[in-house]
Amino acid sequence: MTTDNSGDVRLSGIGKTYGAFTAVHPLDLTVPQGSFFALLGASGCGKTTTLRMIAGLEEPTCGTVHLGDQNVTHLPPYKRPVNTVFQSYALFPHLDIFENVAFGLRRRGIKSVKKQVEEMLDLVQLGEQARKKPHQLSGGQQQRVAVARALINHPKVLLLDEPLGALDLKLRRQMQLELKRIQTEVGITFIHVTHDQEEAMTMADTVAVMNGGRVEQLGSPTDLYENPGTTFVANFLGTSNLIEAEIDARSGDDIVLKAGGDKLVLPAARCSAPTPAGGRVLVGIRPEKISLAHADDAGAVPEGRNRLTGRIVDASFIGVSTQYVVESRACAELSVYVQNVERDARLVPGADVVLHWSPAHTFGLDAAQDIDAGTEEEVAA
Amino acid sequence: MPVVNWLKRHLVVIAGVLTLAYLLLPNVIVTVFSFNKPKGRFNYQWQQFSLDAWKQPCGVADMCNSLSISLQIAVWATLGATVLGTMISFALVRYRFRARGAINSLIFLPMAMPEVVMAASLLTLFLNMGAQLGFWTILIAHVMFCLSFVVTAVKARVMSMDPRLEEAARDLYAGPVQTFLRVTLPIAAPGIAAGALLSFALSFDDFIITNFNAGSTVTFPMFVWGSAQRGTPVQINVIGTAMFLLAVVLVLVSMLINNRRNSQKA
C-alpha cells in the first residue's frame, strides 16, 4: 500500500434537498484510495444522488466533497479527475467505438490517442470492434466500452452507476468478476452504486447500506451480513429471521431472553440495542445457521444451543439446499435453509421439529424498528 | 385461375409501380414538354423535339430574375427559421418557464391555419405598420411559417435524446461549448436537417402568402402563375425539370454516402 491519498474521497456533511424533499441527509463518508466501495440500497434511497454529487453532476445543498486534499465541491464535472460509467452506458450514438473511447483524451487536447485507445480496447477485449457504432454491439460489449471510455482518462476515482443493471444474470456474474479484475489491475478507487446486494457483497471491500437518504450501516460484506445493526440491513442483505423477545436476565457476557415461552441466549456484544431488564429486543438469526431436527430426535440436540420447537409448514427443494418454513410459538414464520447432505425423509410439511442454533450466531436489534424494513415486500411497495 | 394467382403473387409490386407512376407522372410530363417546340404561346400540346429552351433557360424576360429572388428568399428563410427554430426547440424541451405551454401550441398555428387567412392578416399587419412590401416582408412571412416545421422536426429529436449523453460528455472533460458542438448538435443534426429541407421546399414554392405580401416583387411561383394567364414559356418546364433532377441527385448522393459508411463499419 502506498501512502498516496490523492484517490481518497471524503464527503463531509454532504446533503441534497429538492424543494421539500430530502434526497440525501447530511452524511460523512470516507472512501480510502484504491478501495472498491459499494453504495447499496433500494431505488430512491439517495445512492445515485450521492454518486452524482461526487461526479459534479449534482450540486450538494450542504457539505463538501474532497478528492485527496483538494476541495472539489464547486468544480464542474469536466474539471474533476473523476469519471463515471453511466447506467445504460450513455455511449455517444453518433461516434464509433474508437472515438467514444478517445473522447476524454481529445477533449483534454491530447493529440496522439491511437496507441492508448487501442491498448484500452484490448484490455476490454474489443480491439476488433473499434470502427463499429455502439448500437451494433451487444449489451455486455457496450458495458465494456463504457468502462474503457472512463478508465482511459486514468481518473483518481471511477464512479459506477448501476453499471450491470441492464445485463442478464449470467453476463452480470461475468462482468462482476471482470470489473473486480480491472480494479485490482489499475488500482484506482471504485465507487459502485447498486441495488443488488449480492453484487455489492461479491465485488466491494466496503459496503455502505443506504436507506431513506441515510447511511444505515457501513462495513465489510461479512461484517454487515454477520452483524447487521438495523432491521433494514438484516432484511436487505440476505434473509433474516427476526423474533420478538423480552429481556429476562443477564448472565455474564450473555443476555437471557424469553420468546413465546422459550428461552434464548444472545451474546451482549452482538446486540446493537440498549438492554434494560424487562425491555424488548428483536432476536435475529440467519436461516442457514439454524439446524433442524425431527421432534423424535429432540434428545440428541446438544446442550447450550438456542432451541425452539415448531412445525414445518412448507418445504421447497432448491437443489443445493432445502428451504423450510417453520411455524413456532415464538415466531409465526421462520425460514430455515438446510444443506442437502443427508436428507431426513421425515422432514416434510406437518412434521414436528426442533430448531436449534449456536447462541454465537444470534444477533440482537432494537425492537422499536419496523420489523419488515428492507424485506422484498416492503421494498416493492 | 392462373391470372388471379399471378395477380395475387405480384400484388405488392403492382401496387408499388402504380403508386410510383402516380407520383412521377407529372414530373415526366414536365420533363417531356421541356423539349417541346410549341406553336403559339401555350405549351400544352406536343409539337416537335427541340433543345431551344435548354440552350436558353433565361430566354424569357424576368423569369431568371424571379428565380433568383425565390432562391435568395428560400436560403435566408431556411437559415433564419432553422437557427431560430432549433433554439426554440431546445428551450421548449429543456427548460420550464412561464408561457411555455402557450408557446408550445402557438408555434403550431401557422401549420394549422389556412394559408389565405394568415396571408391576409399578415398583409394587414404590414400595412398598419407602414412596412414597404417586397423582399423583406416576404422573407419575414416565410421565416414565420417555416418556424413551425423546424420546431416540430427538431423538438422530436431533442425530446428523444438521452440527457445522460450530455452528462457523459461533461464527465469526459468537455466544457459547455464542447459538449454542445461535439454531442448535442451532432445528435440533433438529422432533425435540424429535416427541418431545413422542409423550410427550403416550403419557402421556394409558396404562393399564397407571398402573393399577398410581395408588393411589386415577383417570385418564381408568382411568375409561373402570371405567365400561365398569358402563355407558358417552355423555360418554366426547364427550370422545373432541373429542380427535380437536382433533388434526385441530392437524394442519391446522400444514399451513396450512407451506404458506404455502413459498409465500412460492418
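# Notebook: two chains, looked up piece by piece

**Entry 1, a helix pair in chain B.** I began with helix α4 (residues 63-94) and helix α12 (residues 220-230) of chain B, whose axes come within 7 Å and cross at roughly 145 degrees. For such angles, axes are lines fitted to C-alpha atoms, for helices over the stretch in contact, and the angles run from 0 to 180 degrees between N-to-C directions. Helices here are DSSP runs of H or I with at least four residues, strands are runs of E with at least two, and both are numbered from the N terminus. I noted that this is a predicted model, in which local features need pLDDT of at least 70 and side-chain atom pairs count only at pLDDT 80 or more, while totals for chains, interfaces and linings use all residues. Residues are numbered from 1 along each chain as its sequence is written, and chains are lettered from A and ligands numbered from 1 in the order in which they are written.

Which residues of α4(B) and α12(B) meet? On the α4(B) side I found B:Met63, B:Ser66, B:Leu67 and B:Ser70, and on the α12(B) side B:Phe220, B:Met222 and B:Phe223. Contact means that the C-beta atoms of two residues, placed from the backbone, lie within 7 Å. Sorted by class, this contact has five nonpolar, two polar and no charged residues. In this sorting Ala, Val, Leu, Ile, Met, Phe, Trp, Tyr, Cys and Pro count as nonpolar, Asp, Glu, Lys and Arg as charged, and the others, Gly among them, as polar.

I counted 13 helices and zero strands in chain B. Its radius of gyration is 23 Å, well over the 18 Å that the globule rule gives for 266 residues, so chain B is more spread out than a compact globule. The radius is taken over C-alpha atoms, and the rule is 2.2 Å times the number of residues to the power 0.38. Along its principal axes the C-alpha trace of chain B spans about 70 × 70 × 40 Å.

I looked up the interface next, where 16 residues of chain B are in contact with 19 residues of chain A. Which elements give two or more residues to the chain B side? They are α9 (163-171) and α10 (176-204) of chain B, and α9(B) gives the most, with six residues. By class, this side has eight nonpolar, two polar and six charged residues.

Helix α9(B) is mostly covered, since seven of its nine residues are buried, among them B:Leu165, B:Ala168 and B:Arg170. What covers these buried residues includes α1 and β6 (82-85) of chain A together with α10 of chain B. Just after α9(B), B:Tyr173 takes a positive phi of about 70 degrees.

Chain A has nine helices and 20 strands, and its C-alpha trace spans about 80 × 45 × 40 Å along the principal axes. Buried residues make up 40% of its 381 residues.

I found an open sheet of five strands in the order β15-β19-β16-β17-β18 (chain A), with antiparallel pairing; two strands pair if DSSP finds at least two bridges between them. At the edges stand β15 (291-294) and β18 (334-339) of chain A, each with a single partner strand, so one side of each is left without a neighbour in the sheet. From one strand to the next the twist averages 45 degrees. Inside this sheet, six bridges join β16 (residues 306-317) to β19 (residues 352-357) of chain A, and A:Arg307 has A:His356 in β19(A) as its bridge partner.

Another open sheet has four strands in the antiparallel order β2-β1-β4-β5 (chain A). Helix α1 (residues 47-55) of chain A lies across β1 (9-18), β2 and β4 of chain A, running at about 120 degrees to β1(A).

A nonpolar core is a set of buried Ala, Val, Leu, Ile, Met, Phe, Trp, Tyr and Cys residues joined through C-beta atoms within 7 Å. The largest has 132 residues, and those with the most contacts inside it include A:Ile54, A:Val101 and A:Ala148. Helix α8 (residues 135-159) of chain B gives the most to this core, with eleven residues. A second, separate core of nine residues includes B:Ala53, B:Leu67, B:Ile236 and B:Val238.

Methods: A residue is buried if 20 or more other C-beta atoms lie within 10 Å of its own, exposed if 12 or fewer, and partly exposed in between; C-beta atoms are placed from the backbone.
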